[in-house]
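Okay, thanks for coming, everyone. Let me put the model on the screen and then walk you through a few spots in it.

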Amino acid sequence: MRTRSELLRRAAVAIGLLAFAVLPAHALTVFACEPEWAALTRALWPQDATLRLHVATHVAQDPHHIEARPALIAQLRSADLAVCTGAGLEAGWLPALQQRAGNARVQDGAPGMFYATTHVPLLDPKPGAGGNPFAGDVHAEGNPHLHADPRRLRTVAQALARTLQAAAPAQAAAIAARADAFDRDWATRTTAWSERAAPLRGAVVAAQHSSFGYLWDWLGLVPVADLEPKPGMAPTPGHLQSLLERLRAAPPMAVVVARHQDPRAGRWLSGQFAQAGTAVPLLVLPATVPDPDAPDALARWFDALLAALLQARSDGATR
């Protein structure tokens, strides 16, 4: 027998289906959970068509943990389409936004709720890992930070283009043209990036969290240590000391933290190697696009990541 909450959810999805089918042809309002999805939406949307785009997070925020502020509730309430990562990345705040916004178009299961992680295979799934409050930010479906792999991003772009076409039928042909142009350009860029990154293959890094797990997988870098004792839990002195002892014999190419993370643990580990006479730079890298409104925001982000990693590799080759 279905519960009252399940019946209400199904009714909300049904209303969302109807609302999605009668959207106005002249404009679209999109709520992007993370900057990378805002940048991708802009890349696929026709330049001469109206787009109202709200972004819930920015490069200096941890997308796992943000506050469900009234402004975000209002933005989601007005959205025709929400574009998010999924796989539990926004589990700490998006369900609250959806409930408080009361917008049937962007409830789970409605056509206006787009999750990127449903369209590509994910790394490191942990079935049955949920429900343990002491396990940290463990995602049972897999690592949600897929946007750091341009190959997976290309697949998501194709799926998002289809969703945008369904949301704005009057723009379907123009979206298809934009999507085709993006796909061709992205394939060319990905090939060029892969060739440029050849010196990185097999190099080892120590990183904090799995924010760049897909980048390591794509580039052939080997993450040998995580500064967090458990996913999402702050580094501890004891854990860092054990990493230092373990890595002394074969220091990593670099210590990597994301811009939204506290760099002190990475700075300490890098400094300990320096005191021992080994240069292991600390790289503080943006885990998403710094400016989703910038032209070619996604491409610029990958260019910057590769430049930083290649510089670290070059510096390491001379030590």
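Let's begin with Ile-175, which is buried at a relative accessible area of 0%. Buried here means under 20% relative accessible area, with exposed over 50% and partly exposed in between, using a 1.4 Å probe and protein chains only. Before I go on: this is a predicted model, so to speak of local features we need pLDDT of at least 70, side-chain atom pairs count only at pLDDT 80 or more, and totals for chains, interfaces and linings use all residues. Numbering runs from 1 along each chain as its sequence is written, and side-chain values use heavy atoms, with hydrogens and water left out.

Back to Ile-175, then. You'll find Ile-175 in helix H6, residues 172-196; helices (H or I, at least four residues) and strands (E, at least two) are DSSP runs, numbered from the N terminus. So what does Ile-175 contact, leaving aside its neighbours within four places in sequence? Leu-44, Trp-45, Pro-46, Ala-161, Leu-164, Gln-165 and Ala-168, where contact means heavy atoms within 4.5 Å. Arg-162 sits 13 residues away from Ile-175 in sequence, and 8.5 Å away in space, C-alpha to C-alpha.

Leu-44 is one of the buried residues of helix H2. That helix, residues 35-44, is mostly covered, with eight of its 10 residues buried.

Now the sheet. Four strands make an open sheet, ordered E2-E1-E3-E4, with parallel pairing; strands pair if DSSP finds at least two bridges between them. E2 (50-55) and E4 (113-115) are at the edges with a single partner strand each, so one side of each has no neighbour in the sheet. On average, neighbouring strands here are turned by 20° against each other, direction ignored. Axes are lines fitted to C-alpha atoms, for helices over the stretch in contact, and angles run from 0 to 180 degrees between N-to-C directions.

Zoom in on E3, residues 81-84: three bridges join it to E4. Val-83 has Phe-114 in E4 as its bridge partner. Helix H5 (150-167) lies across E1 (27-32), E3 and E4, at about 175° to E4.

Last stop, the rings. Rings of Phe, Tyr and Trp (its six-membered ring) pair if their centres lie within 6.5 Å; planes under 30 degrees apart are stacked, over 60 edge-to-face, and the rest tilted. That gives eight aromatic pairs. Take Trp-186 and Trp-193: they're edge-to-face, 5.2 Å centre to centre, with 80° between the planes. Trp-186 is buried at 2% relative accessibility, and Trp-193 is buried at 4%. Ring pairs link both into a cluster with Phe-182, Trp-218, Trp-301 and Phe-302.
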